[in-house]
Amino acid sequence: MITSAIIPRPLARLPWRLILLVAAIGLAGLIVLYSAAGGSMRPWALKQGMIFFVFLSIAISMSWMKESTIKALTFPVYGATLVMLIGVEMLGFVGKGAQRWLDLGPIRLQPSEFMKPAIVLTLARFYELVPAGEIRRWRAMWPAFALLGVPAILILVQPDLGTCIMVVLCGVTVMFLAGLPWWIFAAPVAAVGVAAPIVYQFLHGYQRKRIDTFLDPESDPLGSGYHIAQSKIAIGSGGIWGKGYLHGSQSHLDYLPEGHTDFVFATMAEEWGLVGAVLLIFAFAMVIRWGMKVSMNAKTRFAQLAAAGLSAAIFFYVSINLMMVTGMAPVVGVPLPLVSYGGSAVMTVMLCLGLLMALERQQRSGSSLQ
Amino acid sequence: MKPIRLTNTHQSLTFSRRMLLLGGAQAAVGGLLIGRVGWLAVAQNEKYQLLSENNRVQLIPVPPRRGWIIDRNGKPIAINRASFRVDIIPQQLEKTRDVVPELAQLLALNEDDVERVRRELAESRGFKPVQVAENVTYDQYAAVTVRLPELPGVQATRGFSRFYPDGPAVAHLVGYVGSANAKEYDAEDKNPLLLIPGFKIGKQGLEKSLEPYLRGTPGGQRVEVTARGKLVKELDPKPDRSGQTVQLTIDEGLQQYAARRMGDQSGALVAMDVTSGDMLAFVSMPAFDPNSFSEGIGRTEWKMLSQDDHIPLLNKVAQGLYPSGSTIKPAMALAFLKQGVDPKRRVHCPGGLRIGNRFFSCDAVHGSVDMHQAIEKSCNTYFWATGLITDPEQTTEMVNYLGYGQEFDLPIPSQRFGTMPSPKWLMKKYKREWQGYDSANTSIGQGYVLVNPLQLAVMPARLASGKLLQPRLLMGGRRKPIAPVDADPEHLEIIRKAMAAVVNGSGTAVASKLPLDGVQMAGKTGTAQVYRLISRGHQGNWNLRDHALFIAFAPADKPRYAIGCIIEHGGFGASAAAPIVRDSMTYLFDKQKAWAALEPLEKQWGGSLAERNARQLAAFKAAARPTA
């Protein structure tokens, strides 16, 4: 927070450190996209810059929302998102073999994106309403499972495994922090071990293949193992200092597929090397740490759980994507927020950041005398 | 489940603890990611850099030019001729555009070719070119070249194809080249060079045995390409290195002359330099045209060659085995001398000899002959009779020592060396004792005796020089000192004199005197029975006639060259083989006289070798064409 007589108070009271950090990540993304297009603002960098600017503005304006307003909107937004997800199932736009979008004229809306912050707020709100003594009772659990399970299943059948995993992880994080008993979290891990082979049978062909090639990437070097193999080549060949800006052969010669979306990190690591990659990871870590601090300093239980859940959402975005492109996790289609080309992830992360800023402003106005 | 009472303080404590855990887990994941990127970028950097470079840079291979084969005077025997070819680089093809029909039209490809190109394109990967056509005409090449901008992926290049100026005359000596087959590809550990269209390897003869020298190392154009195979830019090309030139001891002129002199006959001729063992001619006729093979032989031509009863596909020098006939007699005589037979010893020839219960009949009634006359007149009775009083083991050993049945170290793949039988050999091979009739058969070069045409030249060369010459085909290299023949020089002189008399005295080959002043040829005729027929000599049926052989050296007094020759089913040695040897020998001393002798003969046969070959193929093709 900057205090100065010159800068008007509303501006001075913005969390500038966070905004600059986010802007830096976004700028890095634009620079990478400029290179990925072969040294051109089109088709990605310019559009991404505009999207980024619009959503950053929205996030900043969201920071003036009151906690009570957020709380009041939580259930209606959750309900609306759920309805949209059902709508997608019924009349969704079919693209890339999956039903993910609602075609609303000029805008293609992907309702599952809204579900990430929505599930966090909803569960935070739910557990705020549950008295402390009731938290480990069954009646404090099943509504939470229902609130999480229904949208998760709707997203899974779209099918969008990446988003489904994200939504479940965000919800589970909030439930974990709310104090649900340990076994609730330990049991599913054990169950997954047992159920994995069975679930595997029900997966879609392409999902199954992704898992196969993840477990044994060499089995299909020219097919679905190609993405991971080429991504590892891009990152590995970059070395410590990288091949130099605009000199990444893997991305420029199209060996790296999706070098501007899901695999944008590999594009960056190839040209900027280990140094650039680590700097980016640190920048994300700072953002997440800031969100976690908001949660630690929160006065209300809703703010505590919501802030932690929202920062966890950003964390899951970043970590799943990076594990994916470095070959530590199967390719599930999670973009790197703020860097990957595309509006959805930018929108979701900016919504989370806007909410976090609002919660942070609330703490300051509640605690300080200003 | 037992309900647990929890207070707000309790809840706050749980939250802090779990936040700490969550934060720790996040930090751990962050550390793990940094570690992973560090591992890929630092520890495995080299590996991935290589992989990325392999992605980026592709090589359009350029096969090396094959080394030349030249004769002892530097005249070309196998060279490379510019040829034009059209290939397709599959990765540079635009997927939406089918260039094959267009090429088929430009190059006048037939349906089989089009189908082959399509199949190879479907199977192809990377930058390995797929051959569309080779040896296209300049006009076709030009037609494709001007359309190249509209035909992405098509490559029209000037290549090189093997060319043998002497055609069939050198066919069996040099062999031919051809595209590698699957077996050859596997044998070379799947050397990718062998898959380059237009790349040929030696298939036969010297082309095969000298492959390591002739091949060279490939180069190529290095290009930077995208994942979709679009060419981004050309990098520095990798230069190729052409194969080495190999110089042979062969005299190209003699080789060609002897091949032409054989006319339509089937036979082999080997000429040697008596001072060094250098092989001057290595002729096996009739032969195929190796140029047809290097361009991929047509079905019709192949059929013609394989149906010919003169077996043009057989290398008769290295693989033909024949009874030596009387050409064995000089060596036999030397063996007799060595065992103490007096050269003045006379044997009466009443026209044959009874051995056991069989009567062996001689060609004529020679009367009383000594060794000199026996060789000169080729009297079998003398050799039968003398063979019976000498040790057959020692005798045959001597003949073998002089070359018959012996193995020579030559860069000719798959040679057959024949047999020089001896009592020991007979026991080992057929488990029976040596009999008098074995001596008789062997001493006139029949029975088990089988020699190749190479040995027919080595034996007179050794007799003439008195040195244990080893035939050589490659110039250069270390020349080993040549050991003398283990025989009394006086004995050798007796043999040489007798051989000189064969041609210049009143012997069997007087008709084949050299038409030169001051140069006399010494020789020995041979007639080898093909079937045990009562009546010998000329037969109506070509392949029942006797083989004609002749061995010779010249000049008789100061030997310089030796020649061995066999004409299959040529009748008497003197009638078919000796004149060919005479003219070939003349060539070595006086080229003009030799060519003058050949001219009327070729006119009589109906043109030069090349002309007759072309006519024969055309006639065969016309006969093979289905009648409309």
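A residue counts as buried when its relative accessible area is under 20%, as exposed when that area is over 50%, and as partly exposed in between. The close-up views described below are taken from a predicted model.

**View 1. Two serines of chain B with positive phi.** Ser378(B), which is not a glycine, has a positive phi near 55°. Ser378(B) lies in the loop that links helix H15 (371–377) to helix H16 (380–389) of chain B. Because its relative accessible area is 5%, Ser378(B) is classed as buried. Ser414(B) likewise is not a glycine and has a positive phi, of about 45°. The loop that holds Ser414(B) runs between helix H17 (392–401) and helix H18 (423–430) of chain B. With a relative accessible area of 47%, Ser414(B) is partly exposed.

View 2. In chain A, the bond joining Arg42(A) and Pro43(A) is cis, with omega about 0°. Pro43(A) is placed in the loop between helix H2 (16–36) and helix H3 (45–62) of chain A. In chain B, the peptide bond from Met285(B) to Pro286(B) is cis, and its omega is near -10°. Pro286(B) belongs to the loop between strand S12 (279–285) and helix H11 (290–294) of chain B.

**View 3. The largest pocket, with lining elements from chains A and B.** The space in the largest pocket is about 1800 Å³. Its lining comprises 46 residues, of which Cys164(A), Ile165(A), Val168(A), Leu169(A) and Val192(A) are the closest to the centre. Two or more lining residues come from each of helix H6 (142–156), helix H7 (161–178), helix H8 (182–202), helix H9 (205–215) and helix H13 (301–325) of chain A, and from helix H1 (8–43) of chain B. H8(A) contributes the most to this lining, with 12 residues. The lining of the largest pocket is made up of 40 nonpolar and six polar residues, and it has no charged residues.

**View 4. The largest cavity, lined by residues of chain B.** Two cavities of 30 Å³ or more are found in the whole structure. The largest cavity holds about 60 Å³ of space. Among the residues that line it are Met332(B), Phe336(B), Trp434(B), Ser439(B) and Ser443(B). Helix H14 (329–338), H17 and helix H19 (436–443) of chain B each give two or more residues to the lining. By class, the lining of the largest cavity has seven polar, four nonpolar and no charged residues.

**View 5. Nonpolar cores and the surroundings of Leu248(B).** The largest nonpolar core has 130 residues, and those with the most contacts inside it include Leu248(B), Leu269(B), Tyr382(B) and Phe550(B). When residues up to four places away in sequence are not counted, Leu248(B) touches, among others, Ile69(B), Ile70(B), Leu173(B), Leu206(B) and Met475(B). Asp71(B) and Arg72(B) are also among the residues that Leu248(B) touches. A second, separate core has 122 residues, including Val264(A), Ile281(A), Ile314(A) and Leu353(A).

**View 6. Chain A as a whole.** Chain A contains 14 helices and three strands. Of its 370 residues, 56% count as buried. Among contacts in chain A with a separation of 6 or more, 72% are between residues 24 or more positions apart. Chain A exposes about 15500 Å², and carbon and sulfur atoms supply 71% of this area.

Methods: Residues are numbered from 1 along each chain as its sequence is written. Chains are lettered from A and ligands numbered from 1 in the order in which they are written. This is a predicted model: local features need pLDDT of at least 70, side-chain atom pairs count only at pLDDT 80 or more; totals for chains, interfaces and linings use all residues. Side-chain values use heavy atoms; hydrogens and water are left out. On a 1 Å grid over the protein atoms alone, a cavity is a set of points where a 1.4 Å probe fits but cannot get out, and a pocket is an open set with protein on both sides within 12 Å along at least five of seven lines; lining residues have an atom within 4 Å of a point. Grid points are joined across faces, edges and corners, and a volume is the space filled by probe spheres set on the points. Helices (H or I, at least four residues) and strands (E, at least two) are DSSP runs, numbered from the N terminus. Ala, Val, Leu, Ile, Met, Phe, Trp, Tyr, Cys and Pro count as nonpolar, Asp, Glu, Lys and Arg as charged, and the others, Gly among them, as polar. Buried means under 20% relative accessible area, exposed over 50%, partly exposed in between (1.4 Å probe, protein chains only). A nonpolar core is a set of buried Ala, Val, Leu, Ile, Met, Phe, Trp, Tyr and Cys residues joined through side-chain atoms within 4.5 Å. Contact means heavy atoms within 4.5 Å. Accessible areas come from the Shrake-Rupley method with a 1.4 Å probe; for residues, only the protein chains shown count as cover.
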